[in-house]
Each structure stands twice: as structure tokens, then as C-alpha cells.
Amino acid sequence: MIPKDTSQSTVQKSFFDLTKKFQVILMNSDPDFAVEIANLNKTYDVKNGEPKRALKDINLSIPRGSFFGLLGPNGAGKSTLINIMAGLVIKTSGHVRVWGYDIERDMRQARSAIGVVPQELNIDPFFSPREILEVQAGLYGVPKKHRRTDEILKAVHLIDKSDAYTRALSGGMRRRLLIAKAMVHSPPVLVLDEPTAGVDVELRQQLWAQLRELREMGTTILLTTHYLEEAESLCDTIAIINNGELVTCQPTREILKSFDRKDIIITVSRPLDCLPEQLKVFDAEIQNDRDIVFRIKSSDSGIERVISAVAESGLGISDITTQESDLEDIFLLLTRDEPK
């Protein structure tokens, strides 16, 4: 569990109270789903080539207040999907609603309901963090009495750099500033596109602690990341997209349960050229001469049978380890391209 920074608790309480108040002012009512996507398609015209379909009939419903993970390999269509939600890319067909607002018919309200933290560090190097947040708040029409620039800067641990040029900030500080910039108008939906890329472990833990508290206050968080262990730990629902198509969308626990597999690795006392006859009845293979990997169902209590069979084959056992399927295994399995 990520420890909380108690020295920031008062600041964060004030910050989240103001966030909640402004969300009530901004939004009339809370919809059942923070984001609704129906039959979404995006096709890019390619000069001197065939059009490229980046998204193919995507259907997603992201519950209000959830921590939602959107995963996929590079080029799968994740950024295109996010940019359509934010109004930066025009969809080819389909419907997208953010906090109940159609992104085309209710453009102003939909864009006010979402804050996006992009992969790129798109920050003016000649502005200070305070100036950047003030300008951003002005662009969103946030009244001065509702602005909480200092509270946000304290929450992301940048208050001591509030008047420095951003060109003098480290990469991690700039990443935090991007998150602060996305939060100035207190959006009920916060989208983070690879937010911890290039961020050290300690800062990553601080960011996740703050995002968890934001989620607890009712903010819906949509996360894309290549750190699959983070997605497994943080997200209550995960969607995987590959080649523009939605491969799966399930609660994280259900995805992990659906791949009911456990590997038992038994290290034997002597090198092996082939499996003994007694072990060929199992789904097993030799690795590194002395390691035999047995694949069984996690729900199966067959480890005793495996150990007994190894002993009956006359092999001495030096070590036994087990590995449950994790999100990385599932991700690789679901996004593996079939050979052409």
C-alpha cells in the first residue's frame, strides 16, 4: 500500500473540498456513466496509400467515479480515442458523450467536463507554473474567486517552484505540472495518457496517492500506461485495445480470474535432455536444463500430483516455485498478432 504524506493532508483536504464544490457548480447532475462511447470509428486518409482505420466500432461505458485502465501496445489507437474525447481529433462516425454531454452537440460542456494529461510535455518554457495555471483557468472561464492555483501547486509538490521558469524544472516536475494544468477547472473526468513516463519511483507513488484521493472524492480517472503492474493495482476496470479494436473490457479481478493458470517450476538435481515418461502426461516443458515448468489451472490442487510424479521419475528436487498469471501475461496473450 502506498503511504500517504501526512504533511500534505491539510492542503489536500482544502484542495479536494474546493474541487468538489466547483464540480457541483460546473455540472448540473451526475450521469450514470462518466464516458459513453458507441460504435466509434476513426479513419485517417493516407497520401498515396489506403486509408488507415485507427478505431473500429469501439463501444465503451466508463462508470462514474471509477479508476479505468485503457491498455494496448503502441499504435493500438489509445491516443486517438483520448484525443477524440478531448475534441482534438474529429471522429469518422459513432457517438461519444463525456459526463452526459455529446462531444459535438454539447461541445463546450463536454470539454469543460474533461481534463487531459498528454504524453508530450506541452508547457511554455518562459512561463512560471503559477502563470501557466492562471492562464489555463482563464481559458476555461474559471472565475477568480474559484481559482485555487496555490492549492493545486501544493498538492503536486510544486509550490516552492511556483515562480520559476518552467524551463528550469526537471522532467518529473514538468510531468506534475501537466497534471496540475489539467485540474485547474476541476473536471469530473481526468484522463492521463502515460503520466508516469520518465518519473522516478518515489514521485510515481506520490502521484498515485494523490490520484487515489481524487478518485475517492468522485473524480473519474481514465489511465493509459505501459506499467502493467500499476494498472493491475490501481484500476478497478480494464479495457484492452489492439489494432483499433476492443479486445476485452472487464473488471480487473474478472480478467485475472478468466485466465486460470498457474506455473509450477521445479528445479531438479541433474540436467535433462527430455522429459521422463511419467511427466509427459502433464502440460510441461524443460527450461534451462534443470527447470521443468508445469502449467496447471490455478483452481486445480494438482501440485501434489506433480511433485509425486517428479519423485516417481527418480529426479531429485532442488527447488519449487509457483507463478500465477498476472496482467502482463494476459496482455501479451490478448495483443499477440497472429502470424500471417
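This is a predicted model: local features need pLDDT of at least 70, side-chain atom pairs count only at pLDDT 80 or more; totals for chains, interfaces and linings use all residues.
Thr80 lies in helix H2, which spans residues 78–86. Thr80 counts as buried because its relative accessible area is 13%, and the cut-off for burial is under 20%. Apart from its neighbours within four places in sequence, Thr80 is in contact with Lys42, Tyr44, Ala54 and Leu55.

Seven of the nine residues of H2 are buried, so the helix is largely enclosed by the rest of the structure. The buried residues of H2 are Lys78, Thr80, Leu81, Ile82, Ile84, Met85 and Ala86. An α-helix has 3.6 residues a turn, so residues three or four places apart point the same way. Just after H2 comes Gly87, with a positive phi of about 85 degrees.

From this helix we turn to the protein as a whole. The protein contains 11 helices and 14 strands. Of its 340 residues, 46% are buried. Among contacts with a separation of 6 or more, 72% are between residues 24 or more positions apart. The accessible surface of the protein comes to about 17,800 Å², and carbon and sulfur atoms account for 48% of that surface.

Next comes a sheet. Six strands form an open sheet in the order E6-E7-E8-E3-E9-E10, and the pairing is mixed. Its edges are strand E6 (114–117) and strand E10 (245–251), each of which pairs on one side only. From one strand to the next, the twist averages 15 degrees. Strands of a sheet pair through backbone hydrogen bonds, either parallel or antiparallel. Strand E7 (residues 189–193) and strand E8 (residues 220–224) pair in the parallel sense, over five bridges. Within this pair, Val191 stands opposite Leu222 in E8.

Helices also lie against this sheet. Helix H6 (residues 171–182) packs on the sheet and touches E6 and E7. The direction of H6 makes about 170 degrees with that of E6. Helix H7 (residues 201–216) lies across E7 and E8 as well as strand E3 (67–71). The angle between H7 and E8 is about 145 degrees.

Technical notes: Residues are numbered from 1 along each chain as its sequence is written. Side-chain values use heavy atoms; hydrogens and water are left out. Helices (H or I, at least four residues) and strands (E, at least two) are DSSP runs, numbered from the N terminus. Buried means under 20% relative accessible area, exposed over 50%, partly exposed in between (1.4 Å probe, protein chains only). Contact means heavy atoms within 4.5 Å. Accessible areas come from the Shrake-Rupley method with a 1.4 Å probe; for residues, only the protein chains shown count as cover. Two strands pair if DSSP finds at least two bridges between them. Axes are lines fitted to C-alpha atoms, for helices over the stretch in contact, and angles run from 0 to 180 degrees between N-to-C directions.
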